[in-house]
There are 2 protein chains.
Amino acid sequence: MIEGHGDDLHRYAGRIRHNFSSNILSGVDHAGLRSHLIEALGRIGHYPPPAPHTLCSGIARKWGVSPDNIAVTNGVCDCIYRIAQLNAGRRSDIVAPTFREYQDACRRYAHEIRFISSPDEVADDAECLWVCSPDNPTGRVWDADSLLALAAADRGRLIVIDQAYSDYTSLRGVTPEECVEAANIILLKSLTKRYSVPGLRVGYAVASCGVADSLRGLGIPWEVNTVTLAGAEYLLAHDGDYVIPAASLHAEIERMAEKFRRIGIHCFPTDCNFMLCRLPKGRARDLKEWLALRHGLLIRDASNFEGLSEEYFRVAAQRPDANDELTDRIKEWIYMQ
Amino acid sequence: MIEGHGDDLHRYAGRIRHNFSSNILSGVDHAGLRSHLIEALGRIGHYPPPAPHTLCSGIARKWGVSPDNIAVTNGVCDCIYRIAQLNAGRRSDIVAPTFREYQDACRRYAHEIRFISSPDEVADDAECLWVCSPDNPTGRVWDADSLLALAAADRGRLIVIDQAYSDYTSLRGVTPEECVEAANIILLKSLTKRYSVPGLRVGYAVASCGVADSLRGLGIPWEVNTVTLAGAEYLLAHDGDYVIPAASLHAEIERMAEKFRRIGIHCFPTDCNFMLCRLPKGRARDLKEWLALRHGLLIRDASNFEGLSEEYFRVAAQRPDANDELTDRIKEWIYMQ
């Protein structure tokens, strides 16, 4: 799916004051990164290395695995499509509602798709299981030990665990070491989310050497450009400077949920900084347009997630005053319906 | 092929004074582009548009075709792999020696590959024909009218014409308008080569609406990052500032060829700023290492092009004094063999 994702700020050029539609930490100070990138701009007249070996090594060091266990891609999306391609025609169970690209990638490569509502419901004959944890759009974390047990129960089944949002929860996820040991798990990780740099586009997979090698094998020369590569290397080296206050963001979204519930909105349980909501009446699409055009507030219309309908939307916690403003505006809109 | 291309400057960090291994115009002033990109760096905290519509429109305007005829990709390489994927399992004739990625892409997607030495030799049953014009590594331009006639003779056969180097020759190529009219031609174009920005990674295809749509259909959301997108839009808007002196570069490579021939090197005919050469004795690989490590001069070992052997190398014309220095050093090396 090309259009229809969140953070479609570009559609409202200059009008948005508070962006609740992206789950990524906002207001991050990128001054150091920018200085580093300005220096890297001096190298755009030269080819980047054909494969991002040094970046792979840096990521491997961070997680205590081998560079052979890492495949760097053009954002996590690129990785999702490569996994689907490597498993073309297989049976895929997808835990839904979830990020739309798993099903789109599986459709592109003729998977036989089934939607399930929990990893436990995976069918015996499912060759691939796709789990987003923390899940998008719900923010729910699936229990890491249960996922590892599921992987151990059938080593012939591939389990893809998208941990793009793992830094936005205090709950534990499957670790890269556990993933490598299991051999039938692919962990997806996103620099976009970890460091709040959606403009850069870097993601990676952690997997067994064989699987990571196959994922790299679907790459093309020079696929990570000079600026992105320089940015990613800087971010890894300055990991400690990027702190995501997961616990306080979660507390803030719980506070929002409380207020939302009082105005009749159903809020689903979340372990993260964002949550899935259902309007008591009216369409999320209309609410979104009204909030954006009238008040400069952007939410995510969640009606296009599998299994959800037009009353669903998703919001990520911002500063308390912005969150309160959003609550007040939504209340106003609901009364007008 | 990930490793083994030219311009492997990254392998000789800081040692190279003159880079003959890249066919791209060097010494280009990117000050305006860099200023524009520094501004764009302020947006790396936001997602780029999920698809590069405005860039497609800009490219379409430049060529007088519809945006529906354009597919923007992560460099021309990305486009080559998409074309191979869309035609998986077909019979492909590749005019060789040529850019290595056509055959690698065709192998990845199980094409039945034949190498031919001229487009005229294409077999009746070939479903795809891959032509690089100007060719890499020879710099030879295949006659545009003959290619159009070939396309007209069998509309069921797809002809891929990689024109990445079209701005480096004075000879005419197939125009985007002719390509769209023919319907069975895909033209590949490279911003990398046109504007000397290999660090950015942007290429595109011009094709019939149906084919361009299929090529775009293999894309993923946000595949062109914020910086690349900003750079590409700037370059299109400042096209006139980027002048490639094709005729004088060609005259200079002819002057080099004259001097090379005098020291026993066979130089193949070229219509561009670069040429393919064959050593009278010794291996290009050894010459390359000696030139790089001893003298800071980088050439392209061309032994890994289909049909070529270890005596082949490729050079692109640089400033006359640098070219003369290269000639002197190669002469010295040949005498030592």
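**Buried residues of helix H3 in chain B of the predicted model**. Within H3(B), the buried residues are Gly75(B), Val76(B), Cys77(B), Asp78(B), Cys79(B), Ile80(B), Tyr81(B), Arg82(B), Ile83(B), Ala84(B) and Gln85(B). Buried here means under 20% relative accessible area. Because eleven of its twelve residues are buried, H3(B) is largely enclosed by the rest of the structure.

**Span of helix H3 in chain B**. H3(B) covers residues 75–86. From first C-alpha to last, this helix reaches 18 Å. At 1.5 Å a residue, 16 Å is expected, and the two values are close.

**The open sheet of chain A**. Seven strands line up in the order E2-E8-E7-E6-E5-E3-E4, with mixed pairing. The edges are strand E2 (70–73) and strand E4 (112–116) of chain A. Each has a single partner strand, so one side of each is left without a neighbour in the sheet. From one strand to the next, the twist averages 20°.

**Pairing of strands E3 and E4 in chain A**. Strand E3(A) spans residues 91–95 and runs parallel to E4(A). Five bridges join them. Asp93(A) has Arg114(A), in E4(A), as its bridge partner.

**Helix H4 of chain A on the sheet**. H4(A), residues 101–108, packs on the sheet. This helix touches E3, E4, strand E5 (128–132) and strand E6 (158–162) of chain A. The direction of H4(A) makes about 160° with that of E4(A).

**Helix H8 of chain A on the sheet**. H8(A), residues 209–217, packs against E2, strand E7 (185–190) and strand E8 (203–206) of chain A. The direction of H8(A) makes about 25° with that of E2(A).

Key
Residues numbered from 1 in each chain as written. Chains lettered and ligands numbered in written order. Predicted model: local features only at pLDDT ≥ 70, side-chain atom pairs only at ≥ 80, totals over all residues. Heavy atoms only, no water. Helix = DSSP H or I, 4+ residues; strand = E, 2+ residues; numbered from the N terminus. Expected span 1.5 Å × (residues − 1). Buried < 20%, exposed > 50% of the residue type's maximum accessible area, 1.4 Å probe, protein only. Pairing = 2+ DSSP bridges. Axes fitted to C-alpha atoms, helices over the stretch in contact; angles between N-to-C directions. Contact = heavy atoms within 4.5 Å.
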